[in-house]
Amino acid sequence: MNAKAGPTSLPEIDVEEFRKVVRSRRSIRRFTDEPIPGQVLEDCLELATLAPNSSNLQPWAFYVVQTPELKAKVAHACLGQNAAKSAPVLIVVVARPDSWRDHARQALEDWPEEAMPPIVEKYYRKVAPIHYNQGPLGVLGLAKKAAGLAVGLTRPVPRGPYSPCEMKIWATKSTALAAQNLMLALRAHGFDSCPMEGFDECRVRKLLKLPAKNLVTMVVAAGRRAENGVYNRQYRFDQRQLVHYL
């Protein structure tokens with residue numbers, strides 16, 4: 001049962017339920033033809049957009065492909081993977097490194113409280129337009145990099161993004177966090193997913209008529225797992241190899 005709602009109250013969390021969601025999430029390679037209810041899909045996408053992201057600029061977009069003809073074409077662009085061919089829904093997760101300027105303005109317009117802290121207004125009006133703007137041919141980014149190297153000799157400074165390429169990385173990191181929220185939300189609703197990196201990005205972008213600056217981060221196949229949907233037992237490397245306590 002949740003605690004009473006309030007300005008600072010938090011709901012009670014059952015970590016075992018969360019553990020079940022995380023441990024039962026698998027990359028499913030074959031799905032049944034059972035559709036995902038629209039309400040469930042909408043909830044999963046809303047939970048995806050609650051993911052943490054850089055400066056709350058939300059540099060992502062989700063394209064839900066359900067119509068049979070388009071889904072078959074996207075599955076073909078995903079190299080005909082079983083997950084892509086059998087899933088009732090394909091969700092193309094797109095990073096938007098070109099959206100920061102519009103989203104910075106929108107962050108000001110959509111501020112949810114009556115009074116906006118001056119530091120917030122300053123950030124979106126003055127800091128963000130400098131920090132994320134790379135200028136024509138990346139010239140401004142190079143100037144910022146040189147300044148950062150100089151100032152960084154004496155104190156900590158943000159190291160980038162300093163180029164259009166680094167902006168792509170910036171957007172992709174936040175978008176990947178949203179994709180993980182999406183997959184965990186699907187599992188919590190009793191459905192499953194398979195994040196696919198094996199696809200022809202040019203073909204997917206063309207099928208969805210995406211702008212050139214948009215990056216297809218992954219294609220997520222989603223649906224109800226089939227009995228033969230899991231190909232092998234899950235395993236991970238020893239944590240002592242990967243986790244370091246300092």
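Modeller: Two residues are in contact, or touch, when heavy atoms of theirs lie within 4.5 Å. By that rule Asn181 touches Leu47, Ala48, Leu50 and Ala51, leaving out residues up to four places away in sequence.

Biologist: What kind of model is this, and how are residues numbered and side chains treated?

Modeller: This is a predicted model, in which local features need pLDDT of at least 70, side-chain atom pairs count only at pLDDT 80 or more, and totals for chains, interfaces and linings use all residues. Residues are numbered from 1 along each chain as its sequence is written, and side-chain values use heavy atoms, with hydrogens and water left out.

Biologist: What pLDDT does the chain average, and where is the pLDDT below 50?

Modeller: pLDDT is the predictor's confidence in each residue, from 0 to 100. The chain averages 95, and 97% of the residues score at least 70. Residues 1–6 fall below 50. That stretch has seven contacts in the model beyond near neighbours in sequence. Where pLDDT is low, the predicted coordinates should not be read in detail.

Biologist: How many helices and strands does the chain have?

Modeller: Ten helices and four strands. Both are DSSP runs numbered from the N terminus: helices are H or I with at least four residues, strands are E with at least two.

Biologist: Why is Asn181 called partly exposed?

Modeller: Buried means under 20% relative accessible area, exposed over 50%, and partly exposed in between (1.4 Å probe, protein chains only). Asn181 has 25%, so it counts as partly exposed. Asn181 lies in helix H8, residues 164–188.

Biologist: What makes the pair of Asn181 and Leu47 a polar contact?

Modeller: The test is a pair of N or O atoms within 3.5 Å; within protein, one must be able to donate a hydrogen and the other to accept it, and residues adjacent in sequence count only if both atoms are side-chain atoms. A polar atom of the Asn181 side chain lies 2.9 Å from the backbone oxygen of Leu47. The distance of 2.9 Å is within the limit, so the pair qualifies.

Biologist: Why does Thr175 count as buried?

Modeller: Its relative accessibility is 0%, so Thr175 counts as buried. Thr175 is also in H8. Its side chain reaches the backbone oxygen of Ala171 at 2.8 Å. Among the residues Thr175 touches are Pro59, Trp60 and Thr217.

Biologist: Why is Thr217 called buried?

Modeller: Thr217 has a relative accessible area of 14%, so it is buried. Thr217 sits in strand S4, residues 215–223. Its contacts include Val93, Thr172, Thr175 and Phe199.

Biologist: What makes a set of residues a nonpolar core, and which residues have the most contacts inside the largest one?

Modeller: A nonpolar core is a set of buried Ala, Val, Leu, Ile, Met, Phe, Trp, Tyr and Cys residues joined through side-chain atoms within 4.5 Å. The largest has 23 residues; Leu90, Val92, Met196, Val219 and Ala221 have the most contacts inside it. Apart from this core lies another, of 22 residues, among them Cys44, Val89, Val93 and Val220.

Biologist: How do you know that H6 bends, and where?

Modeller: The bend at a residue is the angle between axes fitted to the seven residues ending there and the seven starting there. At Tyr124 that angle is about 40°. H6 covers residues 118–131 and reaches 18 Å from its first C-alpha to its last, close to the 20 Å expected at 1.5 Å a residue. The expected span is 1.5 Å times one less than the number of residues.

Biologist: Which residues of H6 are buried?

Modeller: Val120, Tyr124 and Ala128 are buried. An α-helix has 3.6 residues a turn, so residues three or four places apart point the same way. Helix H5 (100–109) is included in what covers the buried residues of H6.

Biologist: What stands out about the backbone at Leu79, and why is Leu79 called exposed?

Modeller: Leu79 is not a glycine, yet its phi is positive, about 65°. Its relative accessibility is 62%, so Leu79 counts as exposed. Leu79 is in the loop between H3 and H4.

Biologist: What are phi and the relative accessibility of Lys209?

Modeller: Phi is near 55°, a positive value in a residue other than glycine. At 75% relative accessibility, Lys209 counts as exposed. Lys209 is found in the loop between H9 and S4.

Biologist: What is omega for the peptide bond from Gly160 to Pro161?

Modeller: Omega is near 5°, and the bond is cis. Pro161 lies in the loop between helix H7 (139–151) and H8. Most residues other than glycine have a negative phi, and most peptide bonds are trans.
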